[in-house]
Amino acid sequence: MAAYLAQCEEVVRFRQAEERVKQNEKIRRITAEIRRKQKQATAFDHFQKPGLARQVDAEVAALLRQLDEIPLVQEYKALQADLNEVLQLITNVIAQTVSGTLDVKTGAD
């Protein structure tokens with residue numbers, strides 16, 4: 001099954017997009033800035049400076065919006081959603097097969 005999944009069109013397309021995202025300088029720069037600001041916000045929370053934490057949180061939100069506007073990120077997220085859907089279908093088929101074979105009760109029963 002793992003070999004099949006590795007060759008599945010959704011997995012291949014997702015991995016290609018993932019590699020392009022990793023190699024994109026603008027995306028790397030924005031994500032590094034997001035991580036840096038998230039650490040700042042955590043520090044401000046820890047030192048009980050809620051005003052500064054809110055300000056940095058707003059900056060993070062703006063950076064996330066900027067990131068989401070990049071077409072490559074949009075493609076990556078769409079492919080991720082497609083892949084998640086495939087994996088959920090596979091999970092459901094496995095659960096139904098195991099449940100039917102072993103007469104196991106699921107939480108849905």
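Reply: Contact means that heavy atoms lie within 4.5 Å. The model before us is predicted. With that in mind, please begin with helix α3.

Me: Which residues does K37 contact, leaving aside its neighbours within four places in sequence?

Reply: K37 is found in helix α3. Once those neighbours are set aside, its contacts are V56, E59, V60 and L63.

Me: Is K37 buried or exposed?

Reply: The general idea is a cut-off: a residue counts as buried under 20% relative accessible area and as exposed over 50%, with partly exposed in between. K37 has a relative accessible area of 12%, and therefore it is buried.

Me: How should I read the length of a helix? What distance does α3 reach from its first C-alpha to its last?

Reply: One compares the reach of the helix with the span expected at 1.5 Å a residue. Helix α3 covers residues 25-46, which is 22 residues, and reaches 32 Å, close to the 32 Å expected. Helix α2, with 15 residues, should span 21 Å, and its end C-alpha atoms are 21 Å apart, which agrees.

Me: Which residues of α3 are buried, and where on the helix do they lie?

Reply: The general idea comes from the geometry of the helix. An α-helix has 3.6 residues a turn, so residues three or four places apart point the same way. In α3 the buried residues are I27, I30, I34, K37 and A41. They cover an arc of only 95 degrees around the axis, which puts them on the same side of α3. The face turned away from this buried side carries the exposed residues K39, T42 and H46.

Me: Which residues of α2 are buried?

Reply: In α2 the buried residues are V11, F14, A17 and V21. Seen down the axis, they fall within an arc of 130 degrees, so they line one face of the helix. Exposed residues E9 and Q23 are on the face of α2 turned away from the buried side.

Me: What is found at the two ends of α3?

Reply: Just after α3, Q48 takes a positive phi of about 55 degrees. Q48 is a residue other than glycine, and its place is in the loop between α3 and α4. With a relative accessible area of 69%, Q48 is exposed.

Me: How many residues does the largest nonpolar core have, and which elements give two or more residues to it?

Reply: To read a core, one looks for buried nonpolar residues joined through side-chain atoms. The largest nonpolar core here has 19 residues, and those with the most contacts inside it are I27, I30, I34, L67 and I70. The elements that give two or more residues to this core are α2, α3, α4 (50-68) and α5 (71-102). Helix α5 gives the most, with five residues. As for I27, it touches V21, L67, I70, L72 and V73, not counting residues up to four places away in sequence.

Me: How many salt bridges does the structure hold?

Reply: A salt bridge requires a side-chain nitrogen of Lys or Arg within 4 Å of a carboxyl oxygen of Asp or Glu. The structure holds seven of them. One of these joins the side chains of E9 and R13, at 3.5 Å from N to O. Both residues lie in helix α2, four residues apart, about one turn of the helix. E9 counts as exposed at 51% relative accessibility, whereas R13 counts as partly exposed at 35%.

Me: Which helices does the salt bridge between R20 and E75 tie together?

Reply: The closest N and O atoms of R20 and E75 are 2.7 Å apart. R20 lies in helix α2 and E75 in helix α5, so the pair ties together parts that are 55 residues apart in sequence. Both residues count as partly exposed: R20 has 35% relative accessibility, and E75 has 35%.

Notes
Residues are numbered from 1 along each chain as its sequence is written. This is a predicted model: local features need pLDDT of at least 70, side-chain atom pairs count only at pLDDT 80 or more; totals for chains, interfaces and linings use all residues. Side-chain values use heavy atoms; hydrogens and water are left out. Buried means under 20% relative accessible area, exposed over 50%, partly exposed in between (1.4 Å probe, protein chains only). The arc is that of the directions from the helix axis to the C-beta atoms. A nonpolar core is a set of buried Ala, Val, Leu, Ile, Met, Phe, Trp, Tyr and Cys residues joined through side-chain atoms within 4.5 Å.
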